[in-house]
Amino acid sequence: MAGYTNSGSLSVPKPNIISLMLTRLLSLTLAFSSMIVFAAADEPKAFIDGTAYGWRNLELTDFTNVNCAPATWSTTNGMIHCTGHPVGVVRTHNIVTNFELVAEWRHLQSGGNSGIFVWATPESIKNLEQGKGRLPTGIEVQVLDHGYKEQYEKDSKKKADWFTTNGDVFPTGSTKMQPFPPTSPSGERSFPRKNLSKGINEWNHYYVRAINGEIRLWVNGEEVSGGTKIHPASGYLCLESEGAPIDFKNIRIRELP
């Protein structure tokens, strides 16, 4: 074995061996440093699938119907299917505060509209259950098909500059939020920094991190939008029905302290 004499005493490596070892160590250090610089320069990816420790699946049975019809939501081939009618939501059984969420979704109709509500207030949910209003107060993570923009401009004869179809995040009702830039012209919505959403019949991946009054959204692996100074920062998690069929799958959550 290198480094020992036959008598068992420790031998000293020759200078050329030491030089070779140092050269190899320096090469490895530079290579590792290059990897760090490359990773820092590249956009961070977050295709988190929610299968690590602490995550749990959310099935349709984990939600309570608030103001939809009995047939609005169903489970088909492991997917949660929504007809889109009537407009309304289903909510989690329990209130959540700090958590991570992953979900995949696909629109089945051009111009489809839906969303994931975070921290929907109990008061607004109670109002919906009593037939007052259609959607809750909270933070909406927009789930919108690209065809919606074209349809809006055709029907309204107005420019669709106050929303995007790539992952807007915004407060609804009385909930307050300071959106991350870029923002909508009104300053209320956080617009995505990149356009990453896929079109009709294609699966999109959302990763949402909601912690201590701050929310961040990753679309198909890259962080794009969010906001901070959110109040209130606790409530129900809701899936939205809003006029068009949509499928959800692989919805998972990890609650945090």
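Which residue in β8 is the bridge partner of G115? In this predicted model, the bridge partner of G115 in β8 is Q142, and the sections below place that pairing within the rest of the protein.

## Overall make-up

The protein has three helices and 15 strands, and buried residues make up 44% of its 257 residues. Among contacts between residues at least 6 apart in sequence, 72% join residues at least 24 apart. The protein exposes about 13,800 Å², of which carbon and sulfur atoms supply 56%.

## The six-stranded sheet

Six strands form an open sheet with antiparallel pairing, in the order β2-β5-β14-β7-β8-β9. The strands β2 (63-65) and β9 (169-172) stand at the edges, and because each has a single partner strand, one side of each is left without a neighbour in the sheet. On average, and with direction ignored, neighbouring strands of this sheet are turned by 30° against each other.

Within this sheet, β7 and β8 (residues 138-144) run antiparallel and are joined by six bridges.

## Helix α2 and its cover

Helix α2 spans residues 122-129, and its buried residues are S124, I125 and L128. Seen down the axis of α2, these buried residues fall within an arc of 100°, so they line one face of the helix. An α-helix has 3.6 residues a turn, so residues three or four places apart point the same way. The face of α2 turned away from the buried side carries the exposed residues E123 and K126.

The cover over the buried residues of α2 includes β5 (88-92), β7 (113-120) and β14 (236-241). After α2 comes G131, whose phi is positive, near 85°.

Technical notes. Residues numbered from 1 in each chain as written. Predicted model: local features only at pLDDT ≥ 70, side-chain atom pairs only at ≥ 80, totals over all residues. Heavy atoms only, no water. Helix = DSSP H or I, 4+ residues; strand = E, 2+ residues; numbered from the N terminus. Buried < 20%, exposed > 50% of the residue type's maximum accessible area, 1.4 Å probe, protein only. Contact = heavy atoms within 4.5 Å. Areas by Shrake-Rupley, 256 points an atom, 1.4 Å probe, with all protein chains shown as cover. Arc of directions from axis to C-beta. Pairing = 2+ DSSP bridges. Axes fitted to C-alpha atoms, helices over the stretch in contact; angles between N-to-C directions.
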